[in-house]
Amino acid sequence: MKFLAALIIPLIMAAGSVDQPLDDPQAEARAQALMREIRCVACENEPISQSASEIARDMRKVVRDQIAEGQSDAEVRDWFAQRYGDFVLFRPKTDGGGVFLWMFPFALLIYAAVMLFLMMRSRARTARSGLSPIDADEEN
Amino acid sequence: MIAELGHLLTVLAFGLTLLAAYHGFSGRDELAARAMGLSAVAAIFGLVALVMAFIRSDFSVELVARHSHSLKPFFYKIAGAWGNHEGSMLLWCVIMLGYGAIAGAVMAPGRLKARALGVQGALAALSLAYLLFASSPFTRLADPPLDGNGLNPLLQDPALAFHPPFLYLGYVGFSFVFSIAAAGLIEGQVGREWARRVRPWALFAWSALTIGISLGAIWAYYELGWGGWWFWDPVENASFMPWLVGAALVHSLIVTQKRGSMAAWTVLLAVLTFCLSILGAFLVRSGVLTSVHAFALDPERGALLLAGLVIVGVFALGLYAWRAPKLEAGPVFDPISREGALILNNLFLSVAAATVLVGTLYPLVVEAVSGEKISVGSPYFDMTLAPLMAILFLAPPAAQSFAWRKADLTPVLKRLIIAGALAIAAAGATFILLAGKLWAVLGVAIGVWLIAGTITDLLRRIGGGGVARAFALSASIWGMTIAHIGLGVFVIGASVEVNGRVERTFALMPGETAELDNWTFTFNGVQSDEGPNYFSQVADITAVKGRREMQLAPQKRFYPAAGMPTTEVAIRKSLTGDLYVALGDEVRGRPGAWTLRVSFNPMIDWVFGGAGLIALGGFMAFASKRLRQRVEVDDPITVEPDLVAEPAE
């Protein structure tokens, strides 16, 4: 009986699973990561990984098929961008204006940190040169 | 009658706010406080009138007809009063006047109070003018319908009934922080005593905002049926920006109060937080952003809100540019010091807020410039903010025991060896349990470091004093401790949940089974059912894992009055996380087969529990008696003994 179940359950699952995962777990993990950053075109602000709509299901199948065919992540993204426009990708591109967008947080952090450092150093120098004692009066 | 009475009361409130603004700017604090108090009473009764119209299902009031229904449960008739644009704007005004009235009652008399009430009166007058002239909730219909449209069924939910009030207690709470900041700039009083007086307002508003955002996340988790709790949706970002800047503010206020340093920066944050709250309201209401939350969009109102933002922003920044250069810089300190650590906190939180702002507005700019539509979503925010926060969260355990002005790093780090070891051990355990998920490993390590390090610092403060000493610690120390532990709990929960979640979608015929993460699900079919104002289809699912067996009944509901379907997910909690099943659609071409979305969300309660602890910590710090004690001008710049690190043993 157990043997029979072991034989039949995978068959039922193959029929029942809308999203047949890829055999290679690493390829499946890549496909799932991609599904989380491709927008369902029929929904509002929802990635295809989360949507129950039929178009999202078809789009998930496309992702898995392309990964199975050996496409790279970038190629899969490009395919979707070509077909539906850049709007479909939650991950903004890294070329053109995207360079500014991606660099912004780190550039701002470094800039602000350097400014802070310079400010504190000049204040420390002023204090040491005796222009303003460390325990300045707090009249405010 | 009730709608006319409500309208009359809001007009009266508007007049009284103008009076409060006039008296405030003229320096008459007592008269301003009285006008503000009366105005608040009038506005509260205005809101009561609106709620009465909703309870009575008076469909001759347009708002009630559009957003309520006679069959709606009583509780949601009340909550429905603010579950729409006009009603929520009235709530905004009531809360703003409420803060003003409380300030009028509790603030120490003087010019700062008068000016603050004046600014608050002007802000409230702007808000009420917008309410009365552009979004009146009391408009009548000439031809009332027999029944109403019903509340958007997604909003018919306990978490969401309280989501707007808490969110507004936060957003609008920052209006009074703004008002004292502006008053301090006008009076040239931005200093230690000023910071002491701003702190309770900032702490309360920020804690309320934390609860408001968390309730929204909890609601999204179980109501939208996607299994997630944060989507970097533009509207979520709109609430997250004031939260981040508010978090920076409650930290920098400490430096300004205790040391008199960073005054110019602190007052800028105090002003910006409310500007970002208005920006949030604009982004939500104008519909300029594609968003799942956009259920109340109107371009014309958006333009008015933008105008309001410009007025408030120009006023504040002009005042700032005029006055800030005159603020004193305060005493010098070493980079390794309590001040230095809190500046680091502000640096990272401000960069994070700027990143969220740029990421949220970037698609708008690109579309305006090139006409192309692009998206900035979770990959961007995760990859930029996660490293920033990972670095920032290393600091609190050490920084909590830093001395002011100059700290000795070695004894502090020595004390933290156990916390560090625990963090590494937890990272190792996570690596084994969630193989290969490096962000989860890092998140758990940081979370454990935060929790263990904060407890280490608490034990240092208690020293050999035992329970008596623990109770003697001020509420602000306990607040900080609980909030930082909460942050650790949140970081652990969030990184494990996001990286360890397993999910799959199945299409099953009755009697078929599917498997996920060692669970076996048997689909027993779908039955129809009926609620007070909806029809539902209820799935019957048996889930088995080892010896555990449970029945799950996820539903799809249809609300005929609103013509909308909703999902009601089935959630089974366990110590390790939630089993989460959502019922999708009947599969086309296969009668009887339904799609099911099944996921296991590990440690999800840690996410919400951690957020709750952060808010609790904020409220505790707010309640601290120490914030009620005046800082005298000639007080030496020192701090309470338990805030100073003991010298190295």
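The model is a predicted one, in which local features need pLDDT of at least 70 and side-chain atom pairs count only at pLDDT 80 or more, while totals for chains, interfaces and linings use all residues. Residues are numbered from 1 along each chain as its sequence is written, and chains are lettered from A and ligands numbered from 1 in the order in which they are written.

Is B:G443 buried or exposed? B:G443 is buried, because 27 other C-beta atoms lie within 10 Å; the cut-offs are 20 or more other C-beta atoms within 10 Å for buried, 12 or fewer for exposed, and partly exposed in between, with C-beta atoms placed from the backbone. I then looked up what B:G443 touches, leaving out residues up to four places away in sequence, and noted B:V491, B:I492, B:A494, B:S495 and B:V496; two residues are in contact if their C-beta atoms, placed from the backbone, lie within 7 Å. For B:G443 and B:A494, which are 51 residues apart along the chain, I noted a C-alpha separation of 8.0 Å.

**Entry: α5 against α6 in chain B**

I turned next to helix α5 (residues 85–106) and helix α6 (residues 111–134) of chain B, whose axes come within 10 Å and cross at roughly 165°. Axes here are lines fitted to C-alpha atoms, for helices over the stretch in contact, and angles run from 0 to 180 degrees between N-to-C directions. α5(B) and α6(B) are therefore roughly antiparallel to each other, a label for angles over 145 degrees, with under 35 counting as roughly parallel, 65 to 115 as roughly perpendicular and the rest as oblique. I recorded the crossing of α5(B) and α6(B) as left-handed, that is, the near helix is turned anticlockwise from the far one by less than a right angle, whereas clockwise would be right-handed.

The residues of α5(B) that meet α6(B) include B:M89, B:W92, B:G100 and B:G104, and among those on the α6(B) side are B:A116, B:Q120, B:S127 and B:L131. The residues of this contact of α5(B) with α6(B) divide into 14 nonpolar, five polar and no charged, where Ala, Val, Leu, Ile, Met, Phe, Trp, Tyr, Cys and Pro count as nonpolar, Asp, Glu, Lys and Arg as charged, and the others, Gly among them, as polar.

**Entry: α8 against α20 in chain B**

The contact includes B:P200, B:F204, B:W206 and B:I218 of α8(B), and B:F608, B:G612, B:I614 and B:F622 of α20(B). The residues of the contact of α8(B) with α20(B) divide into 13 nonpolar, five polar and no charged.

**Entry: a loop with positive phi**

I also checked the loop between β2 (513–516) and β3 (519–530) of chain B, where B:D517 is found. B:D517 has a positive phi of about 50° although it is not a glycine, and B:D517 counts as partly exposed, with 13 C-beta neighbours inside 10 Å. B:N518 lies in the loop between β2 and β3 as well, has a positive phi of about 70° although it is not a glycine, and counts as exposed, with 9 C-beta neighbours inside 10 Å.

**Entry: chain A and its side towards chain B**

How many helices are there in chain A? I noted five helices and zero strands, and 26% of the 140 residues of chain A count as buried. Chain A is divided into domain 1 (19–88) and domain 2 (93–131), with bounds that come from an automatic or database domain assignment; the C-alpha centres of these two domains of chain A lie 39 Å apart.

For the meeting of the two chains, I recorded 40 residues of chain A in contact with 52 residues of chain B. On the side of chain A that touches chain B, the elements giving two or more residues are α1 (2–16) and α5 (97–128) of chain A, and the largest share, 13 residues, comes from α5(A). The residues of that side of chain A divide into 22 nonpolar, seven polar and 11 charged.

Notes:
Helix = DSSP H or I, 4+ residues; strand = E, 2+ residues; numbered from the N terminus.
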